[in-house]
Amino acid sequence: WGGVNYYTGKLFNMENITRAAHEAGALVGFDLAHAAGNVALQLHEWDVDFAAWCNYKYLNAGPGAVAAAFVHERYHQDTTLQRMAGWWGYQKDTRFKMQKGFVPVQTAEGWGLSTPSPLLFAALAASLEIFDHVSMEAVATKGQEMSDYLMSLIDGINTRAGRSIIQVLTPQEVESHGCQVSMLLPQGGLKVFEYLSQAGIYADWREPDVIRVAPVPLYNTFEEIWLLAQALEEACKKHLL
């Protein structure tokens with residue numbers, strides 16, 4: 001289950017989903033590609049069974065970055081699990097004895113398969129050192145405030161246009177979104193996106209008619225959000241009105 005939907009930016013209540021799934025006898029795993037570094041996560045406290053995510057989005061590790069995984073500690077010593085077994089997940093102190101069988105590291109590391117690049121680790125470490133200077137709760141709160149501000153500016157664009165030319169797909173309730181804002185433009189959306197690109201604003205186009213933007217709290221400013229809204233309104237006047 002995606003923690004944050006990639007298309008709409010909706011943040012799901014992972015704690016409630018986990019509780020309901022466990023009551024139904026199911027295991028719970030989350031795809032946190034759009035959640036890690038964007039919203040506050042408490043996977044262990046929520047009793048999530050496992051999760052995986054990429055680090056190149058909100059965690060800024062760059063293209064091709066190493067991925068990450070969470071495996072609840074109750075599975076670390078469970079030898080009955082059928083699992084992919086790899087060299088990198090073998091117990092470190094006996095790894096080079098080359099003995100038959102697989103003895104996993106007693107942490108989530110035990111699910112590692114191959115040797116990742118030290119350069120990719122270095123890129124991720126450089127980003128995570130920045131996160132060490134601020135709490136994830138503060139990052140998430142500012143991200144929500146920035147996306148709330150952008151959504152209010154979009155409301156202003158629609159009001160001045162006299163109709164809803166931009167439909168925000170992202171839920172506006174604070175507990176239901178991070179910093180991503182997805183805008184539906186059924187008519188002329190691609191032209192608006194191209195206008196933004198030419199203006200030096202790097203958003204993201206998703207077929208058939210959605211523009212995704214994400215004011216990221218670590219390195220975007222409220223002024224940049226205002227400038228985005230100005231360019232967005234100019235693009236709408238040119239191509240939609």
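Predicted model: local features only at pLDDT ≥ 70, side-chain atom pairs only at ≥ 80, totals over all residues.
I number residues from 1 along each chain as its sequence is written. Local features need pLDDT of at least 70 and side-chain atom pairs count only at pLDDT 80 or more, while totals for chains, interfaces and linings use all residues, and side-chain values use heavy atoms, with hydrogens and water left out.

Cores. I looked up the nonpolar cores (sets of buried Ala, Val, Leu, Ile, Met, Phe, Trp, Tyr and Cys residues joined through side-chain atoms within 4.5 Å; buried is under 20% relative accessible area, exposed over 50%, partly exposed in between, with a 1.4 Å probe and protein chains only). The largest has 29 residues, and Ile 166, Met 183, Ile 211 and Leu 232 have the most contacts inside it. Helix H5 (222-239) is among the elements that each supply at least two residues of this core, and H5 gives the most, with seven residues; helices (H or I, at least four residues) and strands (E, at least two) are DSSP runs numbered from the N terminus. A second, separate core of 19 residues includes Val 4, Val 28, Phe 30 and Phe 131.

Loop. I found Ser 176 between strand E4 (167-168) and strand E5 (181-184), where Ser 176 counts as buried because its relative accessibility is 12%. Neighbours within four places in sequence aside, Ser 176 is in contact (heavy atoms within 4.5 Å) with Gly 9, Lys 10, Leu 11 and Pro 171.

Charge over a ring. I checked for NZ of Lys or CZ of Arg within 6 Å of a ring centre and within 35 degrees of the ring normal. Lys 10 lies over the face of Phe 12, at 5.4 Å from the ring centre, and Arg 95 over that of Trp 87, at 5.7 Å.
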